[in-house]
Amino acid sequence: MTIRIAEGDIAERTRAIVADLRSLEGSLLPILHEVQEEFGYVPQEALPVIAQELNLSRAEVHGVVTFYHDYRDHPAGRHVLKLCRAEACQSMGGDALAERVKALLGIDFHQTMLDGSVTLEPVYCLGLCACAPAAMLDGEVYGRIDDAMAAELVAEARR
Amino acid sequence: MTIRIYVPRDAAALALGAETVAKAIANEIAARGLDAEIVRNGSRGMFWLEPLVEVELAGKRIGYGPVKARDVPALFEAGMMNGGEHPLCLGEVEDLPFLKEQTRLTFARCGITDPLSLKDYEAHGGLAGLRHAVSMAPADVVKEVTDSGLRGRGGAGFPTGIKWKTVLDAIGDRKYIVCNADEGDSGTFADRMIMEGDPFVLIEGMAISGLATGATKGFVYTRSEYPHAIAAMTEAVGIARQAGILGPSVLGSGRAFDIEVRTGAGAYVCGEETALLNSLEGKRGIVRAKPPLPAHKGLFGCPTVINNVISLASVPVIMEKGAAFYRDFGMGRSRGTIPLQIAGNVRYGGLYETAFGLSLGDIVDRIGGGTATGRPVKAVQVGGPLGAYFPRALFDTPFDYESFAAKDGLIGHAGIVVFDDTADMLKQARFAMEFCAIESCGKCTPCRIGSTRGVETADKIAHGIEPEKNRVLLADLCNTMKFGSLCALGGFTPYPVLSAMTHFPEDFSPAPLVEAAE
């Protein structure tokens with residue numbers, strides 16, 4: 001279920017975040033991280049507020065948000081499963097693992113399951129290259145993932 | 001006496017179940033009413049043995065690994081608390097050949113101490129370098145670092161001392177130290193291990209850098225993919241500030257230096273130093289043209305030292321033991337030690353710190369023990385996604401900056417990814433282009449457009465469409481990217497592509513396209 005957040009509410013909560021962090025040097029990224037933490041994504045409605053508070057143009061804020069892979073423009077599923085797609089994981093069957101997980105979830109990368117349970121994302125290196133293939137589920141890391149563990153991870157994510 | 005049991009908190013150990021192992025051990029201690037405490041150390045860097053549990057007995061540490069939570073009751077039954085025999089028992093950890101043959105200078109404490117215990121840190125030689133630096137004139141600190149021969153461990157290999165001297169001599173009301181902890185290269189995890197396993201050494205290195213150049217503020221810019229490193233660094237900075245190592249008067253010197261930990265947002269290109277500076281300023285991570293050098297006009301236009309984690313973390317030992325001590329390790333113009341990261345399809349994967357100069361074959365076959373799958377090694381990618389693929393024929397190459405450059409490769413951040421004979425080098429070449437296309441900042445055309453055209457051309461070769469013509473085209477495109485790109489992303493993507501084409505031509509000659517039946 002999508003929870004609708006009132007526009008005024010977004011503006012107010014964004015303004016509070018900016019007030020907290022604006023004293024940092026180069027505060028835009030920390031602010032965007034915090035906005036995403038607060039809402040689960042970076043709502044369009046937050047951008048003009050940030051722009052106004054930091055004395056930037058709306059285009060500048062938009063440019064920054066869209067440059068970085070981490071910032072979402074809509075909410076993710078309840079769980080986010082990130083599979084490493086980089087070379088070290090490729091050398092240990094990362095591509096086959098990705099196909100298996102996609103088949104188990106029935107979705108492709110950058111997609112969310114219809115019931116809103118899982119979003120599947122690629123990630124390029126988790127620094128777990130000596131225990132590949134690796135994945136991250138909601139901030140928890142997993143290494144040396146075999147078929148059985150992939151099935152467990154998917155089951156865990158779908159709960 | 002309370003017995004100390006070590007269970008790593010390193011992300012790789014956690015990925016292999018260290019958290020449940022620690023819980024199981026805590027349960028056994030409680031159930032048996034034992035006098036023992038669990039210390040969450042960093043990793044020793046032997047990932048095939050993780051989670052590696054160590055029990056400290058009479059100053060010796062007996063290892064057990066790889067331990068699963070379900071092994072824990074049996075380990076206690078076998079008398080693990082007294083170093084009892086068990087199939088998982090490894091004997092004294094320091095005596096394991098993988099550790100014993102290393103020269104651990106930068107990673108001296110990693111895996112041994114509690115990463116967040118300042119007492120542990122000092123008991124193992126920590127802060128000696130900073131104390132020494134505090135008593136010296138800034139120019140003398142810079143000279144010491146220059147004389148040590150330390151070069152940038154991020155990959156470019158620029159002499160660290162010369163960079164510092166430029167910033168020391170630059171005029172500015174404000175100077176910065178920026179630690180590049182945006183370790184995005186596949187096959188590398190040394191920065192992560194130091195931040196999680198010995199964060200104080202990085203803090204000490206940055207503080208020395210600050211004193212040496214007159215910078216008062218430092219930033220550690222790390223990746224959102226490293227939540228455990230961010231947490232450890234942030235906590236360690238807080239502890240260091242409390243203890244007066246950071247703050248208005250570093251160790252009572254009257255000179256100020258403080259550190260802030262910042263998190264990136266999933267852009268690989270921000271590992272490039274000028275893109276990183278833009279990102280820190282709150283902008284898009286777009287590469288800047290050089291000059292001006294960051295040492296003259298860096299963060300917010302101020303003189304800035306920007307160094308990799310390992311470069312900065314190597315400074316305390318240099319200041320503690322002297323430039324000559326450090327310089328005596330290594331070969332040619334590559335002085336000191338390098339933390340090799342042996343990864344991918346390899347039997348004994350992990351972190352191996354050693355003096356420069358080992359041959360690639362020695363590293364892969366002897367230390368790494370060949371592939372994990374037991375199949376023959378086909379190729380080794382050295383230096384991350386922008387590094388060249390080396391065939392067995394080049395395994396005699398010594399590991400140093402110049403030797404790798406002479407073989408059209410680079411050591412980069414010293415990540416080594418091993419592939420077995422099932423690897424398809426055309427696919428790997430295509431991936432290099434694809435990765436460049438995904439991560440390009442878009443500022444310069446060769447990188448932005450070239451990478452996408454590269455993917456298309458590789459696909460044509462794979463489909464047998466005019467393969468000869470397209471191989472020439474791909475090589476030509478690589479030439480354009482190599483010499484026409486603004487930074488190393490577009491400029492070095494040709495390394496994996498061209499090395500794959502040169503050393504594995506058979507993979508670029510797929511079966512001719514079969515004509516569809518009429």
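This briefing walks through the two chains, their contact and a few local features.

The model is predicted. Chain A has 159 residues, and chain B has 518. The contact between them takes 34 residues from chain A and 47 residues from chain B.

**Chain A overall**

- Chain A holds 7 helices and 5 strands.
- Their order from the N terminus is α-α-α-α-β-α-α-β-β-β-β-α.
- Buried residues make up 40% of chain A.
- Among contacts in chain A with a separation of 6 or more, 59% join residues 24 or more positions apart.

**Chain B overall**

- Chain B holds 21 helices and 16 strands.
- Its C-alpha trace spans about 85 × 60 × 40 Å along the principal axes.
- The radius of gyration of chain B is 24 Å, which agrees with the value near 24 Å for a compact globule of 518 residues.
- Buried residues make up 58% of chain B.
- Among contacts in chain B with a separation of 6 or more, 72% join residues 24 or more positions apart.

**The contact between the chains**

- Chain A gives 34 residues to the contact, and chain B gives 47 residues.
- On the side of chain A, helix H2 (28–39), helix H4 (58–67), helix H5 (87–90) and strand E5 (140–142) each give two or more residues.
- By class, the residues on this side of chain A are 21 nonpolar, 9 polar and 4 charged.

**A parallel sheet in chain B**

- Four strands form an open sheet in the order E8-E7-E6-E9 (chain B), with parallel pairing.
- Strand E8 (258–263) and strand E9 (304–308) of chain B are the edges, and each pairs on one side only.
- Neighbouring strands of the sheet are turned by 20 degrees against each other on average, direction ignored.
- Strand E7 (residues 217–222) of chain B pairs with E8(B) over 6 bridges, in the parallel sense.
- Gly218(B) has Ile259(B) in E8(B) as its bridge partner.
- Helix H12 (residues 273–280) of chain B lies across E6, E7, E8 and E9 of chain B. The angle between H12(B) and E6(B) is about 110 degrees.

**Helix packing in chain B**

- Helix H10 (residues 199–213) and helix H13 (residues 309–321) of chain B have axes that come within 7 Å and cross at roughly 80 degrees.
- H10(B) is therefore roughly perpendicular to H13(B).
- H10(B) contributes residues including Val201(B), Leu202(B) and Met206(B), and H13(B) contributes residues including Leu312(B), Val315(B) and Met319(B).
- This contact has 10 nonpolar, 2 polar and 1 charged residues.
- Helix H21 (residues 494–503) of chain B is mostly covered, with 9 of its 10 residues buried.
- The buried residues of H21(B) include Tyr495(B), Leu498(B), Met501(B) and His503(B).
- Their cover includes strands E14 (377–382) and E15 (389–391) of chain B, along with helices H17 (425–439), H18 (445–462), H19 (467–484) and H20 (488–492).

**Around Leu90(B)**

- Leu90(B) sits in strand E5 (residues 89–92) of chain B.
- Beyond residues up to four places away in sequence, Leu90(B) touches Leu49(B), Gly63(B), Tyr64(B), Gly65(B) and Leu96(B).
- Leu49(B) is 41 residues from Leu90(B) in sequence, with 9.4 Å between their C-alpha atoms.

**Backbone exceptions**

- Most residues other than glycine have a negative phi, and most peptide bonds are trans.
- The peptide bond from Glu50(B) to Pro51(B) is cis, with omega near -10 degrees. Pro51(B) lies in the loop between strands E2 (36–39) and E3 (53–57) of chain B.
- The peptide bond from Gly65(B) to Pro66(B) is also cis, with omega near -10 degrees. Pro66(B) lies in the loop between strand E4 (60–64) and helix H3 (72–77) of chain B.
- His110(A) has a positive phi, near 70 degrees. His110(A) lies in the loop between helix H6 (94–105) and strand E2 (111–112) of chain A. His110(A) counts as exposed because it has 9 C-beta neighbours inside 10 Å.
- Leu251(B) has a positive phi, near 50 degrees. Leu251(B) lies in the loop between helix H11 (227–242) and E8 of chain B. Leu251(B) counts as buried because it has 20 C-beta neighbours inside 10 Å.

Note on methods:
Residues numbered from 1 in each chain as written. Chains lettered and ligands numbered in written order. Predicted model: local features only at pLDDT ≥ 70, side-chain atom pairs only at ≥ 80, totals over all residues. Pairing = 2+ DSSP bridges. Axes fitted to C-alpha atoms, helices over the stretch in contact; angles between N-to-C directions. Contact = placed C-beta atoms within 7 Å. Buried ≥ 20, exposed ≤ 12 C-beta atoms within 10 Å, placed from the backbone. Nonpolar A, V, L, I, M, F, W, Y, C, P; charged D, E, K, R; others polar. Rg over C-alpha atoms; globule rule 2.2 N^0.38 Å. Parallel < 35°, antiparallel > 145°, perpendicular 65-115°, else oblique.
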